[in-house]
Amino acid sequence: MRQSKYQTKTTVRHSKYRRGPIRSIGGDIGIYIFLSLCSIVMVFPIVFAISSSLKPLGELLKQPPTFWPRNPTFRNYSDLFITLTQSWVPFSRYIFNTLFVTAVGTIGHVIIASMAAYVLAKYDFPGGKAFFKLAVVALMFSGYVTGIPNYLIMCRLHMVDTYWSLILPAIGGSLGLFLMKQFMDGFPMSLIEAAKIDGAHEFLIFWKLVMPNVKPAWLTISIFSITALWNNPQTTYIYTESKKMLRYAMDQIMAGGIARTGQAQAVVVVSMSVPIIFFICSQSQILETMATSGLKD
């Protein structure tokens with residue numbers, strides 16, 4: 001009893017002399033100012049695009065340009081909607097094509113990249129390291145370099161002018177494999193071995209144990225995939241008008257000349273809205289998962 005009282009007094013005495021973090025008020029103010037300037041630089045293009053989409057045609061052509069609209073109007077959006085509805089292909093068809101390709105391509109990319117990364121990160125087999133190095137080398141080549149080989153492959157597979165000509169290249173992207181493999185390298189192998197001892201089979205371990213703990217990685221991959229597919233016109237593989245993407249229809253509107261300048265500004269806002277909304281909705285989950293799923297052996 002006396003020993004516990006002595007330990008309690010010693011703990012209280014040490015806590016009184018515990019030194020806090022060495023920070024100054026001037027340093028905190030400098031950090032806040034720097035972060036505020038960075039946020040302004042990042043938000044400025046988005047705010048300017050939204051502001052420009054609310055300007056009438058006269059203000060858009062005014063020199064020098066103004067930042068805020070003096071007579072804000074939503075006519076650019078209404079004109080954009082009217083122009084899209086006047087096409088012989090229904091506007092809903094462009095929306096369906098884009099949503100279908102984006103959803104299937106993103107889900108398939110996340111699943112395939114995660115399964116491949118799990119095997120490469122947690123199991124040693126002949127050719128595994130060489131395969132991963134090949135995937136890293138593939139990151140060096142842009143879509144313009146691989147455009148002709150992809151087209152020839154789609155022709156051989158008889159997938160030109162189908163949705164699969166857009167979905168399969170998205171599923172097989174090497175960026176998702178690289179990110180997932182780097183993230184899964186830090187997942188404890190002891191947890192996988194413990195699950196196997198408890199009788200869990202391989203797919204159950206992957207789906208119920210590994211995937212929830214690498215949530216930041218596949219949410220990041222989803223953001224990249226949605227951004228790429230949503231803003232991808234892909235006129236190279238699709239020739240039928242009823243199968244083309246929403247971005248293609250909007251690009252045709254933007255090429256309409258000075259009379260459609262306002263609609264072009266509305267197109268910019270619509271094009272960037274879906275990736276931004278998805279990022280805002282998933283940002284808190286990414287931060288929460290990164291803070292609570294840091295596991296170590």
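A crossing of two helices is called right-handed if the near helix is turned clockwise from the far one by less than a right angle. In the predicted model described here, helix α9 passes α12 in a crossing of this right-handed kind. The two helices, α9 (residues 174-184) and α12 (215-230), pack at an angle of about 165°, with their axes 9 Å apart. Because angles over 145 degrees count as roughly antiparallel, α9 is roughly antiparallel to α12. On the α9 side the contact involves Leu-175, Gly-176, Leu-179, Met-180 and Phe-183, which meet Pro-216, Ala-217, Trp-218, Ile-221 and Phe-224 in α12; by class, this contact has 9 nonpolar residues, 1 polar residue and no charged residues.

Within helix α9, the buried residues are Ser-174, Gly-176, Leu-177, Met-180, Lys-181 and Met-184. These residues cover an arc of only 155° around the axis, and therefore lie on the same side of α9. An α-helix has 3.6 residues a turn, so residues three or four places apart point the same way. The buried residues of α9 pack against α5, α6 (128-138), α11 (202-213) and α12.

Helix α5 (residues 91-122) also packs with helix α8 (residues 164-171), at an angle of about 30° and with their axes 8 Å apart, which means that α5 is roughly parallel to α8. The crossing of α5 and α8 is right-handed. Phe-100, Val-101, Val-104, Gly-105, Gly-108, His-109 and Ile-112 of α5 make this contact with Leu-166, Ile-167, Ala-170 and Ile-171 of α8, and by class the contact has 8 nonpolar, 3 polar and no charged residues.

Notes:
Residues are numbered from 1 along each chain as its sequence is written. This is a predicted model: local features need pLDDT of at least 70, side-chain atom pairs count only at pLDDT 80 or more; totals for chains, interfaces and linings use all residues. Side-chain values use heavy atoms; hydrogens and water are left out. Axes are lines fitted to C-alpha atoms, for helices over the stretch in contact, and angles run from 0 to 180 degrees between N-to-C directions. Helices (H or I, at least four residues) and strands (E, at least two) are DSSP runs, numbered from the N terminus. Angles under 35 degrees count as roughly parallel, over 145 as roughly antiparallel, 65 to 115 as roughly perpendicular and the rest as oblique. Contact means heavy atoms within 4.5 Å. Ala, Val, Leu, Ile, Met, Phe, Trp, Tyr, Cys and Pro count as nonpolar, Asp, Glu, Lys and Arg as charged, and the others, Gly among them, as polar. Buried means under 20% relative accessible area, exposed over 50%, partly exposed in between (1.4 Å probe, protein chains only). The arc is that of the directions from the helix axis to the C-beta atoms.
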